[in-house]
Amino acid sequence: MDMKLLLNWRLHLTVILASLVAEWIGILRFPLGPGVLLLLPLFYAFVIGVLLNPHLFSGMDKVIPKRVSNAAGPLILISILPFIAKFGSTIGPAIEQIIAAGPALILQELGNLGTMLLALPVAVLVLRMGREAIGATYSIAREPNIAIISDRYGLRSPEGIGIMGVYVVGTMFGTLYFALMAGYIASLDIIDVRALAMACGVGSGSMVAACSGALVEAVPHMRDELLAFSGASNLLTYATGLYVSLFIALPVAEWLYKRLGGAALKEARHETL
Amino acid sequence: MKPSDTAAPEPLFDTDQLQELRPENQLGKTALLLGMVCLAAWIANMVNGSPLHQALPGMIILYVMVMIGLVIGRLSPFYLPSVAWVSLISILMTLPFFPGNAWIVERLSHVDFLAVVTPVLAYAGLALTGREFQMFRQTGWKLVIISLLVFTGTFVGSAVIAHLIL
């Protein structure tokens with residue numbers, strides 16, 4: 001961690017100004033079909049950040065030099081921590097409700113296996129992906145999941161390329177997508193909004209923030225309860241996610257991949273080459 | 001940073017680097033940077049949260065909770081991500097039987113939940129590297145589709161199970 005670059009005053013000033021503009025714009029609602037799409041200040045902050053990123057428009061190098069941008073990664077990790085603390089503080093006061101919802105909270109962790117049920121068949125059968133599909137779909141591709149793939153296959157392997165692709169897409173659009181999806185599904189009023197709150201806990205700080213934030217805006221009178229549930233679920237994912245993805249998700253992904261004929265497809269491709 | 005041992009010519013992602021980035025491994029630097037990002041969150045909170053003087057105690061409480069969590073993460077004999085420790089500390093300090101919990105919760109109510117995240121995303125947008133933009137251009141649409149299915153799958157999967165049990 002290069003402190004000179006990380007304490008660059010232009011970087012922090014830019015972040016503060018971008019945040020003020022984003023907060024000032026506030027929450028916007030767009031009706032779409034039977035539901036409502038919510039745009040949150042964190043969206044605008046991200047978009048402003050990307051537009052000012054020197055790697056996208058080299059003219060921005062004058063505002064924030066490329067080497068500052070390259071070094072700024074650790075700040076994401078650190079800046080999410082105060083939010084995690086704020087989040088935890090919604091769980092303490094609601095501890096009785098959380099214990100009452102215990103079984104649902106624990107079992108929904110298995111829902112994280114839903115990543116591959118939907119995505120792996122599409123990856124193999126429709127998009128004709130090879131073993132990249134395993135890395136890409138066995139988890140939501142956050143840091144602990146990357147560590148597992150790196151340990152088992154290496155990051156230059158097809159599996160490694162798959163997970164890094166989803167990691168990058170998740171970093172760029174995951175937060176925005178979770179907020180849009182959660183707000184929209186909540187506005188459809190099909191699934192218990194407390195269940196949606198638990199589903200927000202996917203083990204990524206910014207995704208859970210966006211997801212639960214959108215739910216709270218959709219159903220403001222349940223604010224405290226929803227935050228407590230998603231916070232508790234997220235904590236559970238932090239504690240169990242690594243083990244679930246190592247001992248359950250990855251073997252199941254391997255098995256499902258073979259079942260779908262992924263291996264055969266790949267051999268066939270080699271023969272035609 | 002020491003060079004990676006793997007034979008990879010140009011790793012997409014450096015695990016040594018990930019290790020070094022763990023905030024609990026460099027407490028002094030993290031303490032300073034945490035102050036900086038709290039400052040950004042404190043100012044962002046002005047618009048939809050509370051005025052600066054009213055939100056100050058809450059921001060300081062958050063800062064202290066994070067540092068306690070990081071120190072425990074550093075000393076802990078087994079591994080849990082530092083975010084999990086921070087979360088546990090803040091749950092503990094706001095439990096109904098924790099001394100002064102009502103005061104803590106009251107102070108924290110002046111810090112807006114979403115305003116704390118806004119600067120995080122601004123940092124995230126500014127910190128995307130050339131490599132990430134390039135990878136996105138190369139692998140493009142297939143991985144975007146797969147990623148969105150992955151996110152939808154985990155969310156809907158968990159929500160349906162929880163809905164059935166509740």
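Mentor: Helices (H or I, at least four residues) and strands (E, at least two) are DSSP runs, numbered from the N terminus. In this predicted model, local features need pLDDT of at least 70, side-chain atom pairs count only at pLDDT 80 or more, and totals for chains, interfaces and linings use all residues. Residues are numbered from 1 along each chain as its sequence is written, while chains are lettered from A and ligands numbered from 1 in the order in which they are written.

Trainee: What is the helix content of residues 141-165 of chain B?

Mentor: That span is 100% helix and 0% strand, and its end C-alpha atoms lie 36 Å apart. Residues 110-129 of chain B are 50% helix and 0% strand, with end C-alpha atoms 35 Å apart. An unreviewed UniProt entry lists both spans as "transmembrane region", along with 31-48, 54-72 and 79-98 of chain B; such annotations may be inferred rather than shown by experiment, and their positions follow the numbering used here, with feature names shortened.

Trainee: How many residues does each chain bring to the contact?

Mentor: Two residues are in contact if their C-beta atoms, placed from the backbone, lie within 7 Å. Chain A brings 110 residues and chain B 89. On the side of chain B that touches chain A, α7(B) gives the largest share, 28 residues.

Trainee: What is the mean pLDDT of chain B?

Mentor: pLDDT is the predictor's confidence in each residue, from 0 to 100. For chain B the mean is 82, and 84% of its residues reach 70 or more. Over residues 1-13 of chain B, however, the pLDDT is below 50. Where pLDDT is low, the predicted coordinates should not be read in detail.
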